[in-house]
Amino acid sequence: MSTSVILVIILSVVFMFIGNGIIIWVVGKFGLGLEVDNFGSAFTAAIVIAIVSVLAHWLFGFLHLTGAVTVNWLAHTISLIVAAVLLMISDKFVKGMRVSGFLGALVASVSIAAFSVLSQMLVGYLLAL
C-alpha cells in the first residue's frame with residue numbers, strides 16, 4: 001500500500017467521524033426526539049456507531065452471512081441498523097445525549113447511511129486518481 005492510499009483512508013475515517021457527528025448534532029436541533037447537548041456528545045456517539053458498524057460488518061462477513069447481497073449494500077444496511085439501535089440506547093452510555101423518540105434516531109441513522117454511501121463513493125474516486 002502506498003503512502004497516498006493510507007493517507008486517503010485515514011482522512012476518510014476522520015471525515016466520517018466528523019460528518020456523522022455533525023449529522024447527529026444537526027438532527028438533535030430539529031426536536032424530533034433526539035437531543036444533543038453539544039458537538040462533543042454527537043462526535044462521541046458517531047465514533048461509537050462507526051466502530052460498532054465496522055465490527056458488525058466484519059462479524060457478518062466472518063460468519064458468511066453476506067449471501068447474494070452486494071457487500072457494499074449490506075455494509076450500508078448494517079450501518080443503518082447499528083446506527084438506529086445505538087442511537088436508541090445512546091442516552092445510557094453517551095453523556096449529553098438523550099433519545100426520547102424513534103423518529104429522531106431514524107432520521108439520524110438514515111442520514112448517516114446516506115452520508116456513508118456518498119463518502120464511500122468519494123473515497124473510491126480519490127483512490128482512483
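Which residues is I112 in contact with, leaving aside its neighbours within four places in sequence? I started my notebook there. I112 is in contact with N20, I23, I24, I49 and A83, where contact means heavy atoms within 4.5 Å.

**Ground rules**

I noted that this is a predicted model, where local features need pLDDT of at least 70, side-chain atom pairs count only at pLDDT 80 or more, and totals for chains, interfaces and linings use all residues. Residues are numbered from 1 along each chain as its sequence is written, and side-chain values use heavy atoms, with hydrogens and water left out.

**Entry 1: the overall layout**

I found 4 helices and 2 strands in the protein. From the N terminus on, the elements run α-β-α-α-β-α. Helices (H or I, at least four residues) and strands (E, at least two) are DSSP runs, numbered from the N terminus. Of the 129 residues, 36% count as buried; buried means under 20% relative accessible area, exposed over 50%, and partly exposed in between (1.4 Å probe, protein chains only). I also looked up the contacts between residues at least 6 apart in sequence, and 65% of them join residues at least 24 apart.

**Entry 2: the core**

Back to I112, which I met again in the largest nonpolar core. That core has 24 residues, and I24, L34, I49, L87, M97 and I112 touch the most other members. A nonpolar core is a set of buried Ala, Val, Leu, Ile, Met, Phe, Trp, Tyr and Cys residues joined through side-chain atoms within 4.5 Å. Two or more residues each come from α1 (3-29), β1 (34-36), α2 (39-62), α3 (71-89), β2 (97-99) and α4 (102-128). I see that α3 gives the largest share, 6 residues.

I then checked N20, one of the contacts of I112. N20 sits in helix α1. Is N20 buried or exposed? With a relative accessible area of 3%, N20 is buried. Not counting residues up to four places away in sequence, N20 touches A46, I112 and F115.

**Entry 3: the surface**

The accessible surface comes to about 7600 Å², and 77% of this belongs to carbon and sulfur atoms. Areas come from the Shrake-Rupley method with a 1.4 Å probe; for residues, only the protein chains shown count as cover.

I looked up a nonpolar patch on the surface, formed by I6, I10, V14, I18, I22, W25, V26, F30 and F39, with about 750 Å² of accessible area together. Helix α1 gives the largest share of the patch, 7 residues. F39 is found in helix α2, and is partly exposed at 32% relative accessible area.

**Entry 4: the salt bridges**

How many salt bridges does the structure hold? I have 2 in my notes. A salt bridge is a side-chain nitrogen of Lys or Arg within 4 Å of a carboxyl oxygen of Asp or Glu.

R98 and E35 meet in a salt bridge at 3.3 Å, N to O. This pair links R98 in strand β2 with E35 in strand β1, 63 residues apart. R98 is partly exposed at 34%, and E35 is partly exposed at 38%.

R98 also forms a salt bridge with D37, with the closest N and O atoms 2.8 Å apart. D37 lies in the loop between β1 and α2 and R98 in strand β2, so the pair ties together parts 61 residues apart in sequence. Salt bridges that share partners join E35, D37 and R98 into one network.

Conventions
Patches are made of residues with over 30% relative accessible area and no salt bridge: like charges are joined within 9 Å, nonpolar side chains (Val, Leu, Ile, Met, Phe, Trp, Tyr) within 5 Å.
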